[in-house]
Amino acid sequence: AEKSGLIIDIGKWVMERTLQQMSEWDRMYPLSHLKFSVNISPLQLMHRDFTQDTLKILAHHKISPERLKFEITETTFIYDQQRIGNVIAFFSELGIKWAIDDFGVGYSSLKSLSDFAIDDIKIDKSLIMHIFENESAAIVVHKTIELSREMGLNVLAEGIESEEYFDYLRHKGCHLFQGYHFARPLPAADAAQWIRKSNNA
């Protein structure tokens with residue numbers, strides 16, 4: 001999609017559909033406290049219409065920017081860093097949070113943390129899944145958690161598929177978790193029911 005340029009239209013559709021879903025759930029369920037993450041391609045960030053298109057979609061669906069988080073990968077920072085930084089700073093001022101997805105396997109990890117208004121990092125599953133049999137992976141994960149805490153960042157572990165991984169990383173100081181241990185991908189209606197059930201647990 002990025003090579004063909006289709007990612008621009010696809011990304012806009014995903015943004016529109018996500019905010020539409022948020023608005024629908026706000027009307028149907030008491031879920032207005034939920035926050036949503038949207039993956040953003042670097043080509044979207046570089047596109048001249050990204051900022052205005054996003055503002056229009058937010059206004060149309062009456063969604064508060066504070067309820068959104070944009071996820072980008074480390075490869076984003078191989079592009080025009082000044083332009084990317086300006087876009088990140090603009091949306092940060094509105095209240096949108098930024099996360100680096102798949103952290104630890106990409107480009108210029110530490111530099112991106114210090115140069116841009118990043119709020120969260122998501123440690124890549126390929127590191128998480130080897131923490132019990134690979135000492136180097138365990139050290140990288142542990143030090144990433146420590147670094148994130150020292151910098152005031154939230155850190156999320158991807159690929160949590162068992163209680164063992166959850167307990168280990170929670171005790172290491174990880175803030176957030178994502179993986180099949182909690183739930184598999186669900187259709188929107190089933191997801192809403194799962195969320196309501198979890199909140200009442």
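This is a predicted model: local features need pLDDT of at least 70, side-chain atom pairs count only at pLDDT 80 or more; totals for chains, interfaces and linings use all residues.
Visitor: How far apart are the ends of H3?

Guide: The end C-alpha atoms of H3 are 17 Å apart. At 1.5 Å a residue, its 12 residues, 50-61, should span 16 Å, which agrees. Lys62 follows H3 and has a positive phi, near 55°.

Visitor: Moving to H7, what span should that helix have?

Guide: H7 has 16 residues, 135-150, which should span 22 Å at 1.5 Å a residue; the end C-alpha atoms are 22 Å apart, in agreement.

Visitor: Which of its residues are buried?

Guide: Ala137, Ala138, Val141, Thr144, Ile145 and Ser148 are the buried residues of H7. Viewed down the axis of H7, they fall within an arc of 130° and therefore line one face of the helix. On the other side, Glu135 and Glu150 are exposed.

Visitor: What packs over the buried ones?

Guide: Among the elements that cover the buried residues of H7 are strand E3 (97-103), strand E4 (120-123), helix H6 (125-128), strand E5 (154-157) and helix H8 (163-172).

Visitor: What caps the N-terminal end of H7?

Guide: Asn134 does, with a side-chain oxygen 2.9 Å from the backbone nitrogen of Ser136. After H7 comes Gly152, whose phi is positive, near 75°.

Visitor: Now the largest pocket: what is its volume?

Guide: Its volume is about 1500 Å³. It is lined by 37 residues, of which Lys35, Ser37, Gln178, Trp194 and Ile195 are the closest to its centre.

Visitor: Which element supplies the largest share of the lining?

Guide: H9 does, with six residues. Elements that each supply at least two residues include helix H1 (7-28), strand E1 (36-39) and strand E2 (68-73).

Visitor: What does Leu34 touch?

Guide: Not counting residues up to four places away in sequence, Leu34 touches Trp25, Arg67 and Ile195. Leu34 and Leu68 are 34 residues apart in sequence and 9.1 Å apart in space, C-alpha to C-alpha.

Note on methods: Residues are numbered from 1 along each chain as its sequence is written. Side-chain values use heavy atoms; hydrogens and water are left out. Helices (H or I, at least four residues) and strands (E, at least two) are DSSP runs, numbered from the N terminus. The expected span of a helix is 1.5 Å times one less than its number of residues. Buried means under 20% relative accessible area, exposed over 50%, partly exposed in between (1.4 Å probe, protein chains only). The arc is that of the directions from the helix axis to the C-beta atoms. Contact means heavy atoms within 4.5 Å. A polar contact is a pair of N or O atoms within 3.5 Å; within protein, one must be able to donate a hydrogen and the other to accept it, and residues adjacent in sequence count only if both atoms are side-chain atoms. On a 1 Å grid over the protein atoms alone, a cavity is a set of points where a 1.4 Å probe fits but cannot get out, and a pocket is an open set with protein on both sides within 12 Å along at least five of seven lines; lining residues have an atom within 4 Å of a point. Grid points are joined across faces, edges and corners, and a volume is the space filled by probe spheres set on the points.
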